[in-house]
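Subject: Structure handover and notes

Hi,

Here is the structure I promised to pass on. Have a look at it in your viewer first, then read on for what turned up.

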Amino acid sequence: MRSRGNVLLLLVSLAMWRSADADLLLHGEVNWLETIAFAAHHTDYNGIFIYQDGMGGHLEVSRITHISDSTGEHERLEGLNGKRREIVSNNNQVWLFLGDRKVQIEKHHGERAFPALLPEQLTTLKENYLITQTEGDRIAGFHAHVITFQPKDNLRYVHKMWVHSETGLLLKAVVLDEHSRVIEQYAFTQLSLGGHVNRTWIEPGKEAQSTPAKSLEIPPSKSTEIVKAGDWQVDALPSGFKMMAEVSRPMRDRKTPVTHLVFSDGLIGISVFIEDVGDREDVNSGLSNQGSIQIYSRVSGDKLITVVGEVPPRTVMQVAESVRYAGQ
């Protein structure tokens with residue numbers, strides 16, 4: 001359930017817009033995008049959506065329940081196929097259920113999942129993408145507008161989003177490669193907005209009482225440290241990507257902390273991980289992918305450099321090859 005997979009199809013010229021849509025996007029573009037970002041966090045909804053990996057045909061079906069009230073934001077995400085997979089979050093407290101295990105996990109800053117795919121900070125999107133809007137289909141019984149994010153270079157994917165015309169809630173998201181092939185998509189198949197939603201799972205401890213589970217609590221890491229700015233340099237990032245975080249954190253099965261650099265262009269992120277190779281025998285170099293997420297690793301001296309991003313293979317390879325140590 002790729003609280004982790006993608007979602008986000010045809011480029012429409014300004015001349016083809018309906019006049020009402022053109023007025024909306026031209027005169028209130030950022031405001032409309034902010035409405036979409038806001039709706040995912042402040043709308044009560046319950047629905048079933050699919051995630052499909054267009055490259056390998058992997059399919060996941062999930063049920064999501066989301067409530068926003070005076071106590072904050074609450075969400076329950078349940079996998080409906082395969083082994084039991086469930087994530088329950090109450091504000092910043094997140095629990096993961098895998099089979100009969102219950103694990104408290106860390107909520108990373110900036111992490112986004114369907115339908116909350118748009119970031120809250122949207123002002124830089126126009127610098128990196130041509131944003132267009134057109135009339136769309138009915139998705140899960142709701143009328144939708146389609147917004148296309150066409151990158152201004154060939155180092156990013158095209159993102160296409162269907163949003164509910166009234167509330168701005170994201171209903172479907174598709175990622176396309178340079179040949180307009182679907183790499184991955186998310187889409188609601190059933191959806192209810194507002195109305196009565198079962199809230200018992202929100203109460204403290206209810207999720208643990210409703211389903212027996214072996215509790216394995218892993219509290220958020222408190223040993224994350226800020227890396228000295230400029231210790232590591234990335235020389236070949238695509239234009240528009242800015243550093244969002246540079247930290248060093250311990251990771252399971254690693255003897256020394258891993259340096260983690262996070263970059264974003266306002267829509268997507270690229271992560272760079274730098275770790276000691278040491279005497280490890282499980283070091284694998286090369287390229288792999290998970291849906292639209294590309295992963296490329298290479299060994300440089302005594303370091304393993306891994307780049308992860310929702311970008312084409314050439315981009316993660318370009319970024320990884322340009323990473324160098326610049327500290328003292």
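Below are my notes, going from the overall picture to single residues.

Some ground rules: this is a predicted model, so local features need pLDDT of at least 70 and side-chain atom pairs count only at pLDDT 80 or more, while totals for chains, interfaces and linings use all residues. Residues are numbered from 1 along each chain as its sequence is written, and side-chain values use heavy atoms, with hydrogens and water left out.

**Overall**

The protein chain has 4 helices and 21 strands; these are DSSP runs numbered from the N terminus, with helices being H or I of at least four residues and strands E of at least two. Of its 328 residues, 47% are buried. Buried here is under 20% relative accessible area, exposed is over 50%, and partly exposed is in between, using a 1.4 Å probe and protein chains only. The accessible surface is about 16600 Å², with 51% of that belonging to carbon and sulfur atoms (Shrake-Rupley method, 1.4 Å probe; for residues, only the protein chains shown count as cover).

As for confidence, pLDDT (the predictor's confidence in each residue, from 0 to 100) averages 80 over the protein chain, and 79% of the residues score at least 70. Two stretches need care. Residues 1-27 stay under 50, and the model has 85 contacts for them beyond four places in sequence. Residues 205-224 also stay under 50, with 35 such contacts. A contact means heavy atoms within 4.5 Å.

**Aromatic rings**

A pair of aromatic rings is described by the distance of the centres and the angle of the planes. Rings of Phe, Tyr and Trp (its six-membered ring) pair if their centres lie within 6.5 Å; planes under 30 degrees apart are stacked, over 60 edge-to-face, and the rest tilted. The whole structure gives 9 aromatic pairs. One of them is Phe-49 with Phe-188, edge-to-face at 5.9 Å centre to centre and 80° between the planes. Phe-49 is in strand β1 (residues 45-53) and Phe-188 in strand β11 (residues 182-193), so this pair ties together parts that are 139 residues apart in sequence. Phe-49 is buried at 4% relative accessibility, and Phe-188 is buried at 3%.

Phe-188 also pairs with Phe-114, this time tilted, at 5.2 Å centre to centre with 45° between the planes. Phe-114 sits in the loop between β6 (101-105) and α2 (125-128), so here the parts tied together are 74 residues apart in sequence. Phe-114 is buried, as is Phe-188. Ring pairs join these residues into a cluster that includes Tyr-45, Phe-49, Tyr-51, Phe-114, Tyr-186 and Phe-188.

Two lysines sit over rings as well. Lys-102 lies over the face of Trp-95, 4.1 Å from the ring centre, and Lys-172 lies over the face of Trp-162, at 4.5 Å. The test is NZ of Lys or CZ of Arg within 6 Å of the ring centre and within 35 degrees of the ring normal.

Pro-115 lies in the loop between β6 and α2.

Asn-91 is partly exposed, with a relative accessible area of 33%. Ala-140, in the loop between β7 (129-139) and β8 (142-151), also has a positive phi, near 55°. Ala-140 is partly exposed at 25% relative accessibility.

**Cores**

In soluble globular proteins, nonpolar side chains tend to be buried together. A nonpolar core is a set of buried Ala, Val, Leu, Ile, Met, Phe, Trp, Tyr and Cys residues joined through side-chain atoms within 4.5 Å. The largest core has 59 residues, and Leu-33, Leu-118, Phe-149 and Val-272 touch the most other members. Beyond four places in sequence, the residues Leu-118 touches include Leu-33, Ile-36, Phe-149 and Leu-267. A second, separate core has 7 residues, among them Val-88, Phe-97, Trp-201 and Ile-202.

**One last residue**

His-260 is in strand β16 (residues 258-264) and is buried at 13% relative accessibility. The C-alpha atoms of His-260 and Ala-245 are separated by 7.8 Å, and the two are 15 residues apart along the chain. Beyond four places in sequence, His-260 touches residues including Ala-245, Arg-249, Val-272 and Phe-273.

Cheers
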